[in-house]
Amino acid sequence: MVRAAARTVVLNVFGVHDKELRRYLLKPENWGLYVPRVVDRIAAAVESIDGVALVDGSSPESGISHDGERSNLIAELGDLMYHVNDLMCVPDLVDNSRAGDEDENGVASRTERELWSK
């Protein structure tokens, strides 16, 4: 629940239409640390799901089931993927004189660069 709240705070901060704040948040020393951590969490969730699937051993005879753990991991992975999608959908603060131009330093562009740099 704390992680979900933290993700919500990040998205709410990006909802503030202030170019100086956005510039600060997107500095490589800030954004360059945040996105890789999200990517690492996604990778860890996938590895955990894979591990639970491989060592499941659940059967009616054994009475062992990892369904709850697997469900939690899948929910966390889904939350992380939605968070990345939400980050990619944050509108850029572009100059009206350049309407229609893609802002290469915007949230989506920077997030995409960080995602593919891993």
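I looked up Arg41 and found this residue partly exposed, with a relative accessible area of 34%. For this term I used a 1.4 Å probe on protein chains only: buried is under 20% relative accessible area, exposed is over 50%, and partly exposed lies in between. The model is a predicted one, in which local features need pLDDT of at least 70 and side-chain atom pairs count only at pLDDT 80 or more, while totals for chains, interfaces and linings use all residues. Residues are numbered from 1 along each chain as its sequence is written, and side-chain values use heavy atoms, with hydrogens and water left out.

**Salt bridges**

Helices are DSSP runs (H or I, at least four residues), numbered from the N terminus.

I then checked Glu76 against Arg7 and recorded a salt bridge with a closest N and O separation of 2.8 Å. Here Glu76 in helix H4 is joined to Arg7 in helix H1, 69 residues apart. Arg7 is buried at 10% relative accessible area.

I also found a salt bridge between the side chains of Glu76 and Arg3, at 3.7 Å from N to O. It connects helix H4 (residues 67-88) with helix H1, and the two residues are 73 apart. Glu76 counts as buried at 15% relative accessibility, whereas Arg3 is partly exposed at 46%.

I conclude that Arg3, Arg7, Arg41 and Glu76 are linked in a network of salt bridges.

**Aromatic pairs**

I counted 2 aromatic pairs in the structure. Rings of Phe, Tyr and Trp (its six-membered ring) pair if their centres lie within 6.5 Å; planes under 30 degrees apart are stacked, over 60 edge-to-face, and the rest tilted.

I found the ring centres of Phe14 and Trp31 5.1 Å apart with planes at 75 degrees, so this pair is edge-to-face. Phe14 belongs to helix H1 (residues 2-14) and Trp31 to helix H3 (residues 28-54), 17 residues apart. Phe14 is buried at 2%, and Trp31 is buried at 4%.

I recorded Trp31 and Tyr34 as a stacked pair, 5.4 Å centre to centre with 25 degrees between the planes. They are 3 residues apart in helix H3, about one helical turn. Tyr34 is partly exposed at 22%.

I note finally that ring pairs link Phe14, Trp31 and Tyr34 into a cluster.

Terms used: A salt bridge is a side-chain nitrogen of Lys or Arg within 4 Å of a carboxyl oxygen of Asp or Glu.
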